[in-house]
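Have the sequence open as you read.

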Amino acid sequence: MAVREILTYPDPRLRERAEPVADPAAPEVQQLIQDLADTMYDAPGVGLAATQLGVPLRVAVTDTRWRDEEGVRDLHVWINPEILSREGETEFEEGCLSVPGVFEHVKRAARITLRWQDAEGAVHTADFEDFQAVALQHEFDHLDGRLFIDLLPPVKQKLLKKRLRKQKRRREAGA
Ligand SMILES: [Zn+2]
């Protein structure tokens, strides 16, 4: 088990665009998947992207069920995910392990069609909706260096980012 440090805003590594994974079965990718899962369950969170561990590769994990249903683990691994289409609009209150303590309503597509590779490298295509579609859009934004707070109205975003930078400086000064 390897729980790794999750980067927090405004760490510049969170803004990197992650590179495609050439071989999902490679040992270092398998290790990354294990670390992502361990770190996500430890946090605890419902999703984690490699970017959040400072690894610029297009890999993310989610488990949108385990916190609601005790003892159930339903880990999903997403490698080289690509959203082929987006439809409709929905709004959920989102939070992020890289933006601790912030929960804000964000608008996203209500339904997505996704193509991705699993941990063995097999290619899948499927549709997702509601909370699962939202969680996936959130994670895959990380792979493009985007955070959910980037989707807030400009004035709110500016104030929030200023506050977060100040908090982080204070945390680091106290550490
Ligand atoms: Zn996040």
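How many residues does helix 3 have, and how many Å does it reach from its first C-alpha to its last? Helix 3 (residues 154-174) has 21 residues and reaches 30 Å, close to the 30 Å expected at 1.5 Å a residue; the expected span is 1.5 Å times one less than the number of residues. Helices (H or I, at least four residues) and strands (E, at least two) are DSSP runs, numbered from the N terminus.

Bear in mind that this is a predicted model: local features need pLDDT of at least 70, side-chain atom pairs count only at pLDDT 80 or more, and totals for chains, interfaces and linings use all residues. Residues are numbered from 1 along each chain as its sequence is written.

A residue is buried if 20 or more other C-beta atoms (placed from the backbone) lie within 10 Å of its own, exposed if 12 or fewer, and partly exposed in between.

Now for the inside. The largest nonpolar core has 26 residues, and Leu-32, Ile-33 and Val-61 are among those touching the most other members. Such a core is a set of buried Ala, Val, Leu, Ile, Met, Phe, Trp, Tyr and Cys residues joined through C-beta atoms within 7 Å.

| Element | Residues |
|---|---|
| Helix 1 | 27-42 |
| Strand 3 | 76-87 |
| Helix 2 | 130-143 |

Glu-139 sits in helix 2 and counts as buried because 24 other C-beta atoms lie within 10 Å.
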